[in-house]
Structure formats: structure tokens, C-alpha cells
Amino acid sequence: MIGKRSCSKMSPTHGPGEDGSPSSCSQDSPYKTEDSEDEIKKSLNVFYPYIRCGLCCGFLIDATTITECLDTFCKSCIVKHFFTSNRCPTCSTVVHETQPLYNIRPDRQLQDIVYKMIPSLEESERERMVAFYKGKGLEVPKSVTVSRPCPTGLRKPKKDIPQSVFTIPPELDVSLMLEFVGAEEGIKNYKPLERRYVRVSGEATIRHVELFIRRKMELSPTCQVDVVCGEQLLDQYQSLQDVKTSLGEDAIQDGLLVLHFGLVRPDLP
């Protein structure tokens with residue numbers, strides 16, 4: 001269960017003060033008790049769409065993302081799927097005409113999140129792999145038998161000391177600010193981009209940024225996304241690290257790589 005602290009309920013003794021003003025639920029209040037703090041909890045199944053594989057419907061194991069559409073599956077599931085198809089099983093995007101396995105990448109950050117949310121999953125998967133190797137009469141790889149240290153997020157924090165459940169992986173070394181500059185006439189029915197600030201790997205390309213924008217704004221396939229940094233129109237295959245290196249200080253604002261983007265119609269000159 002995942003929850004956050006709130007102070008939404010008061011004990012019956014929490015009435016107005018002697019001066020007629022309402023009493024507050026603070027540490028200085030003489031009426032505050034341990035029972036006055038409740039947890040707002042969300043069931044784990046609320047997060048199932050984000051941590052389960054769309055092919056096997058189980059929790060993600062070796063989470064692997066398709067770079068063309070950013071859908072994620074278990075590695076073994078998506079590899080088996082590509083034996084018979086070159087399309088994403090979720091959105092039907094053509095991943096690669098002949099070699100779809102070229103366009104998949106491990107998503108270690110998402111896998112870490114899954115293991116933190118399902119504490120017993122990693123150990124049970126390790127035991128299953130050990131049983132598989134032994135059943136085949138094979139030597140068990142050291143990477144399978146060596147267990148990782150307990151993630152910080154699983155340790156119960158002290159009550160009075162706020163702690164962050166998840167830390168930002170060092171691979172996410174570029175902070176983006178996405179500025180929407182508008183759409184050409186005739187382009188409509190798109191959602192506003194609610195998440196302007198994104199932290200990603202410097203190896204990500206402008207194509208990945210475009211896919212992120214398309215998904216969040218629910219854009220039509222006929223709508224073209226132009227991404228600009230400074231006064232330079234960026235190529236889809238440029239990495240974010242290359243953009244930072246080539247444009248230097250012109251690309252950075254308060255430590256953020258600022259990218260402006262607009263929506264255009266390809267059929268217009």
C-alpha cells in the first residue's frame with residue numbers, strides 16, 4: 001500500500017478554543033493525539049497498468065521498452081512476440097521492418113520501481129531461475145545467486161524523519177524544460193502538455209522527446225512536431241547530450257536544457 005500523511009480527522013475533543021477560534025491540528029495543540037493522523041492509502045492494483053506486462057499480464061521482469069513507441073514489456077515476452085511480428089503488441093507501431101529486436105532497450109529504472117513496490121518479487125524470480133538452471137543440469141550464473149542489498153525505499157522510515165522512497169538514477173543526467181510555442185491553424189483536439197519538466201538520459205534522442213510529446217498530448221499521426229533549441233531546428237536522431245555540447249550555454253537556462261516545440265501540418269509549405 002502506498003500512502004501519505006494527512007490530518008483530515010480530529011478527535012471529538014477538537015472543538016473551538018476558549019476565544020471562539022477553531023483549534024488546529026498542529027504539534028503545539030494540546031488536543032493532538034496519535035490517532036489524529038490518518039493515512040490516505042491507495043491499493044496496489046491502482047498501479048497495475050504501469051507495472052504489469054501487457055503480454056503475460058504478470059509483473060514486469062527484466063522490463064524492456066520499445067524505443068519507437070515507449071511501450072514496456074517483460075524482456076522474454078517481447079522477444080518471443082517479435083519472432084512472429086514486427087509490430088508493438090499494444091499500439092501496433094511498426095518497430096522495425098526486418099529486425100525489431102534492434103529497437104528495444106532495458107528499462108532498469110522501471111524494474112527497480114517494480115521490485116520496490118512488490119518486495120517479494122525479486123527473490124521469488126531469483127529462486128525460479130535457480131530452479132530452472134538446476135533442472136537443466138546447468139551451472140547457475142553468479143548474477144542469479146548474488147542478491148542485491150535491500151533497496152532504501154523498503155526500509156521503514158522513522159516517523160519524524162521524512163525520507164524519499166525513490167532516488168534519481170545517475171543515468172538520468174539531463175533535465176529538460178519543454179516549452180510549447182503553438183500549433184498551426186487547423187490543428188486541434190490535442191491535450192495540453194501538463195508535464196513540462198522531464199529528467200532523462202543524455203543518450204535519448206529528439207525522436208524520444210517527440211514520442212513523449214505525442215503520447216502526452218494525444219496527437220494525431222498526421223501532426224508533425226518540430227523541436228527547436230535556441231534558433232536551431234533539431235534533427236530527430238540528435239542525442240540530447242549532442243545538443244548540449246553543440247549549442248553550449250545557448251541551450252541551458254537555470255541548469256535546464258530548454259527545448260521549444262510546435263505543431264505543424266506536413267501538407268502545408
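This report walks through the confidence, layout and a few local details of one predicted protein model.

## Ground rules

The model is predicted, so local features need pLDDT of at least 70 and side-chain atom pairs count only at pLDDT 80 or more, while totals for chains, interfaces and linings use all residues. Residues are numbered from 1 along each chain as its sequence is written, and side-chain values use heavy atoms, with hydrogens and water left out.

Start with pLDDT, the predictor's confidence in each residue on a scale from 0 to 100. The protein averages 77, and 72% of the residues score at least 70.

Where pLDDT is low, the predicted coordinates should not be read in detail.

## Overall layout

The secondary structure comes to 7 helices and 11 strands; these are DSSP runs numbered from the N terminus, with helices being H or I of at least four residues and strands E of at least two. Of the 269 residues, 30% are buried. Here buried means under 20% relative accessible area, exposed over 50%, and partly exposed in between, using a 1.4 Å probe and protein chains only. Among contacts between residues at least 6 apart in sequence, 60% join residues at least 24 apart.

## Helix H4

H4 covers residues 121–135, and its 15 residues should span 21 Å at 1.5 Å a residue; the end C-alpha atoms are 21 Å apart, which agrees. The expected span is 1.5 Å times one less than the number of residues.

Which residues of H4 are buried? They are Leu-121, Glu-122, Glu-125, Arg-126 and Val-130. Seen down the axis, the buried residues of H4 fall within an arc of 165 degrees, so they line one face of the helix; the arc is that of the directions from the helix axis to the C-beta atoms. The face turned away from that buried side carries the exposed residues Arg-128, Lys-134 and Gly-135. After H4 comes Gly-137, with a positive phi near 70 degrees.

## Thr-65 and its surroundings

Thr-65 sits in strand E3 (residues 63–66) and counts as buried at 11% relative accessibility. Its side chain makes a polar contact with the side chain of Asp-107 at 3.3 Å. That term means a pair of N or O atoms within 3.5 Å; within protein, one must be able to donate a hydrogen and the other to accept it, and residues adjacent in sequence count only if both atoms are side-chain atoms. Leaving aside neighbours within four places in sequence, the contacts of Thr-65 include Leu-70, Thr-72, Ile-104 and Arg-105.

With a disulfide taken as a pair of cysteine sulfur atoms within 2.5 Å, the count comes to 0. The sulfur of Cys-69 is 3.7 Å from the closest cysteine sulfur, in Cys-88, which is too far for a bond. Cys-77 is in no disulfide either, as the nearest cysteine sulfur, that of Cys-56, is 3.8 Å away. Cys-69 is buried at 9%, and Cys-77 is buried at 16%.

Cys-57 is not a glycine, yet has a positive phi of about 65 degrees; Cys-57 lies in the loop between helix H1 (48–51) and E3. Asp-254 also has a positive phi, near 55 degrees. Asp-254 is in the loop between strand E10 (252–253) and strand E11 (256–264) and is exposed at 77% relative accessibility.

Note on methods. Contact means heavy atoms within 4.5 Å.
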